Amino acid sequence: PAAGRGNSEDGKNWINPSANQLLHACQRKDKHMEEKDKNAVAMVHGEVIGKTWNAVMLYEKLHVHKCDCPKLESFEGLSGKPSFKAKLLNKMGYPMPWDRHDWIVDRCGTQIRYIIDYHHGFNDKQ
């Protein structure tokens, strides 16, 4: 659910971008994506965003006594702007994340900022 600022027609929900919207966003940001891959990328993007939202809601359950219905107020993709944690981990030898999102959750009138770094999975050598 959205806090009245979602991208659905009524502003009550956030809707994942279509395959074409993702392709155009990648082109705008100079990120390479083949047109033939756009549907697969959109499917994976939707899965990742859904799992991220579920993780945020799991944490928000710890605060149910303050708010029983948190909503996503806004989000921003900040690829290329690493978080403090990402910079610190990188100095310790870890790779930089491939993307970053900052999500603002409305916890019944209190804005909570989640900084989400997306990393590639580990391979067998890590």
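Select Tyr-94 to start: with a relative accessible area of 42%, Tyr-94 is partly exposed (buried is under 20%, exposed over 50%, partly exposed in between, with a 1.4 Å probe and protein chains only). This is a predicted model, in which local features need pLDDT of at least 70 and side-chain atom pairs count only at pLDDT 80 or more, while totals for chains, interfaces and linings use all residues. Residues are numbered from 1 along each chain as its sequence is written, and side-chain values use heavy atoms, without hydrogens and water.

Tyr-94 sits in the loop between helix H3 (84-91) and strand S2 (99-107); helices (H or I, at least four residues) and strands (E, at least two) are DSSP runs, numbered from the N terminus.

Next, look at the aromatic pairs, of which the structure holds four. Ring centres of Phe, Tyr and Trp (its six-membered ring) must lie within 6.5 Å; planes under 30 degrees apart are stacked, over 60 edge-to-face, the rest tilted.

Select Trp-14 and Phe-75, an edge-to-face pair with 4.9 Å between centres and 65 degrees between planes. The pair links distant parts of the chain, 61 residues apart: Trp-14 is in the segment before helix H1 (19-28), and Phe-75 is in strand S1 (residues 71-77). Trp-14 is partly exposed at 27% relative accessibility, and Phe-75 is partly exposed at 43%.

Move on to Trp-98 and Tyr-118, whose ring centres are 5.7 Å apart with planes at 40 degrees, so this pair is tilted. Trp-98 lies in the loop between H3 and S2, and Tyr-118 in strand S3 (residues 110-118), 20 residues apart. Trp-98 is partly exposed at 41% relative accessible area, whereas Tyr-118 is buried at 8%.
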